[in-house]
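My notes are in the order in which I checked things.

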Amino acid sequence: MGTKQKFYIAAGPKRARVVDFDGDTNRVYWATSRERSLYSSYLNGSDVQALSITLHPKSQIDGLAFDWVTKNLYIADRELQRIDICTTDGRLCVPIVAIPNSKPRAIVLRPEISTMYWTDWGDTPSIKQAYMDGNNVVPLVTQRIEWPNGLAYDRPTNRLYWCDGRLNTIEYLNLDTGKRTLLLRRDDVHPFSLAVFESTAYWSDWTSDTIDMFNKYDGTHRGHLFPRRSVDIMGISIHHPVLRPKNITNPCQYKPCSDICALARDGFRCICSNGSVCEPSSGFETPPPAEAETPATTTEEPVLPVYKNDTSYAGSLYAADEGTLYHVEHNLLLPAWRNVTKLAFDSSVMIGSMAYDSLRNNLYISDITRKKILRFNALTNDVATAHDYVSGSVPGMDFDVTNSLLYWVNPEMFTLEVCSWNGTGHVVLLERLRRPYDVALYPKEGLLFVLSLGDFTAITRYTMDGKNARKLRMLSGYRPLSLSVDVWSERLFWVDPLRVGIASVSLKSERLFWVDPLRDGIASVSLKSDAYWPVTVIEGLQSDAHTLTVADNLVYWLAMDDNDVHFIHIGEGLTHQMNLNGNQFRAVVRTKKEPQTEPGICTGASDCGHICVPSGRTATCLCPSGTTLGDDRKTCRPQG
């Protein structure tokens, strides 16, 4: 497509209508409307074959999709009002979805979650989804839709695009948020088929008799792929290896079914020649795990979970400008806030960063001027020194409430450090880091994340004893600046001033999300993949965020060009602003309504001579500089 060079694969197919491609075998599949037949050939046009599938005389195949995992073909038959699954050798073709008064048209597949989507021109026009064995048919779009023609799934953005031939529109549905967006409405177009690749969407247009292109993010028209032709262009399909991930477990690999094996919600389903469900073949045994490749996590997560406990729970938000500390009560599910108060805190303290201990109602505050970490009790206003760091600064810290540990980074000293809640047991966990700037904790799994702003910006994951480093792969041109973990949604968030937005990564499935406000959204990718793709997940985020905190599905951030605290409820998707009548805010932290979990593995571990820290899901004792663990692995003794 970059060169716009065309080449013909098969000459003279009679009214070819829809097409798809098998990248593993380099075979192209297409269906014709006149002969009502399915054909296949190699990409170079050789070995043209008519599949021996016997189609009904009234068949009208309007949709064709190739499942690259099980090697099955899916066809949408408008006249027979059904969707069939077929073997690519033409041996068998059986219906799996049959809905009276429906007219299924375009069809797309997502084998990684065993799901298919299709457009329906029937009495009730719609876009539907079902599992790839035909079970659990669910309508996704039923309003403001009339002639849904082409359909395309964009994996990088998790969007479902479609075009409407009567409304002359192109829209998409964000499958993460459920938000529907109109991209294009023009009276001079008649879109028929649709495909998406990288930042561009393509449609075959029956008005211009060519393939048109537009920006998939904002609908900006990008011209024609080639000059106007004198014939209607029918189905289009794009193939690129990244569009069809290979790290998907194939439960049909060992041929468990005598007829057709289809992907299903719980693995696979055997479908007999009459369309009924069959039992697996006699004698079939699932290979032992040791002989099979360990499957990658492929099930995509639903929309971020919304906290559904007591809606009257009001968390405490603390925000600090250079010398003033504010307290705000903020309800979990409402945009309202109340009782904004200035706390009795030393105004001469220049606050750099903060962390919160919800067990003891302690705020930990780095004092830039005095080079101290202060412990401020929000109920009694008592202040104590938790740690003197003497030199450098503390731009980022976080508190592990389950194990009562405070972690922080010092970029000038190139260190990650830890101490107990009361300041005892100080240990330098990591040295010679490349300008560490922030730290975020994930105690549930015994992990922490360090943001480094050295020659190359990086987020590195460690166990909470500072070992087992693993970098989260970042894209060039991205520069995270502030980290926070939300224990409810189990995501790591950060702000990215260079890309002007907020990003997150799921700590459960290791899917990376980042915000690209130039494209008006957050981007997503599996960290087990080699490619990264932009996607809109939450729209309308502030464009100049520099510091954030996340708790209870609420994301708060500070902006460089105003004096407000901005926030968004993840399940709601709308941004709000708090005007606290302060100056330029420097730090913000919110109390967390912690999930009910088991006590931390270091809770009550008083047998450690100096300090106990988690190491993954186990505990380890650490010693201060100049000492080392004794033979009992608990007490400390001088080195040497």
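The entries below go from the whole chain to single residues.

**Ground rules.** I am working with a predicted model, in which local features need pLDDT of at least 70 and side-chain atom pairs count only at pLDDT 80 or more, while totals for chains, interfaces and linings use all residues. Residues are numbered from 1 along each chain as its sequence is written, and side-chain values use heavy atoms, with hydrogens and water left out.

**Whole chain.** I looked up the secondary structure and got 0 helices and 52 strands for the protein chain. Helices (H or I, at least four residues) and strands (E, at least two) are DSSP runs, numbered from the N terminus. Of the 640 residues in the protein chain, 55% are buried. Buried stands for under 20% relative accessible area, exposed for over 50%, and partly exposed for what lies in between (1.4 Å probe, protein chains only). I then took the contacts (heavy atoms within 4.5 Å). Among those between residues at least 6 apart in sequence, 42% join residues at least 24 apart.

**Sheet at β1 to β4.** I traced an open sheet of 4 strands in the order β1-β2-β3-β4, with antiparallel pairing. Its edges are β1 (16-22) and β4 (49-50), each with a single partner strand, so one side of each has no neighbour in the sheet. For pairing I require at least two DSSP bridges between two strands. Strand β2 (residues 27-32) is joined to strand β3 (residues 38-42) by 5 bridges in the antiparallel sense. Trp30 has Tyr39 of β3 opposite.

I looked at strand β14 (residues 159-164) next and found 6 of its 6 residues buried, so the strand is largely enclosed by the rest of the structure. In a regular strand the side chains alternate between the two faces of the sheet. In β14, Arg159, Tyr161 and Cys163 point one way and Leu160, Trp162 and Asp164 the other way. β13 and β14 run antiparallel and are joined by 5 bridges. Across that pairing, Leu151 stands opposite Trp162 in β14. The hairpin of β13 and β14 has 4 residues between the strands, and Asn158 there takes a positive phi near 55 degrees. On to strand β15 (residues 169-174), which pairs with β14 in the antiparallel sense over 6 bridges. Arg159 has Asn174 as its bridge partner in β15. The hairpin of β14 and β15 also has 4 residues between the strands, and I noted Asn168 with a positive phi near 55 degrees.

I ran the cavity search on a 1 Å grid over the protein atoms alone, a cavity being a set of points where a 1.4 Å probe fits but cannot get out, and lining residues having an atom within 4 Å of a point. Grid points are joined across faces, edges and corners, and a volume is the space filled by probe spheres set on the points. How many cavities of 30 Å³ or more are there? The count comes to 4. The largest cavity has a volume of about 600 Å³. It is lined by 33 residues, and Asp20, Ile107, Val108, Leu151 and Ser237 are the closest to its centre. Two or more lining residues come from each of β1, β5 (61-67), β9 (104-110), β13 (148-154) and β17 (191-197). β13 gives the largest share, 6 residues. I sorted the lining into 21 nonpolar, 6 polar and 6 charged residues. Here Ala, Val, Leu, Ile, Met, Phe, Trp, Tyr, Cys and Pro count as nonpolar, Asp, Glu, Lys and Arg as charged, and the others, Gly among them, as polar.

**Ser316.** I found Ser316 in strand β24 (residues 314-320). Ser316 is buried, at a relative accessible area of 15%. Its side chain makes a polar contact of 2.8 Å with the side chain of His327. A polar contact is a pair of N or O atoms within 3.5 Å; within protein, one must be able to donate a hydrogen and the other to accept it, and residues adjacent in sequence count only if both atoms are side-chain atoms. Leaving aside neighbours within four places in sequence, Ser316 is in contact with His327, Val328, Val589, Arg590 and Thr591.

**Positive phi in loops.** Arg144 is not a glycine, yet its phi is near 50 degrees. I placed Arg144 in the loop between β12 (138-141) and β13, and it is exposed at 60% relative accessible area.

Notes: On a 1 Å grid over the protein atoms alone, a cavity is a set of points where a 1.4 Å probe fits but cannot get out, and a pocket is an open set with protein on both sides within 12 Å along at least five of seven lines; lining residues have an atom within 4 Å of a point.
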